[in-house]
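Have the sequence and the 3D view ready.

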Amino acid sequence: MNTIEKGRLAEAKVVAQLVELGYEVYLPFGGNTSCDLIALRTGVLKRVEIKFTSDRTGPDSFEVSLRQIRPNRSGNKVKKFDATQADILAIFVVDTNDVILFEDTTSLHGRSSITVHPWKNGRAD
């Protein structure tokens, strides 16, 4: 599965999870947007960033890259996670078919990766 297919699969799983939780989901037009989708519930808009992982780091843990790498004229620009751009971080863990939602992203600001434990209710390190 290539990167685009992984992203589409993760997006579909996250959209389904958000709809099940009572959100209305809005997808952006175009490819250069500040977030992956918008979720609305009880009149409150949430910007959602979606990540995909299959990088197992232990028997019950997976590493999730939070970096964004964008090519430009002088090389690649690497950005760490910016909590001011996302209200919810949604992670799809392919091996367990789980979606983990972090509805408070402030503790993730400036991080380049985290480790998640899907079997422990989505706890992250």
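Does D95 count as buried, partly exposed or exposed? At 42% relative accessibility, D95 is partly exposed, where buried means under 20% relative accessible area, exposed means over 50%, and partly exposed is in between (1.4 Å probe, protein chains only).

A quick note on the background: this is a predicted model, in which local features need pLDDT of at least 70, side-chain atom pairs count only at pLDDT 80 or more, and totals for chains, interfaces and linings use all residues. Residues are numbered from 1 along each chain as its sequence is written, and side-chain values use heavy atoms, with hydrogens and water left out.

Searching the whole structure turns up three salt bridges, each being a side-chain nitrogen of Lys or Arg within 4 Å of a carboxyl oxygen of Asp or Glu. Here they are:

| D87 | R47 | 3.1 Å |

Strands here are DSSP runs (E, at least two residues), numbered from the N terminus. R56 is partly exposed too, at 43%.

D87 and R47 link distant parts of the chain as well, 40 residues apart. D87 is in the loop between β7 (75–79) and β8 (88–93), and R47 is in strand β3 (residues 44–53). D87 is partly exposed at 23%, and R47 is partly exposed at 26%.

That leaves E49 and K51. E49 is buried, at 8%, and K51 is buried at 10%.

Notes
Helix = DSSP H or I, 4+ residues; strand = E, 2+ residues; numbered from the N terminus.
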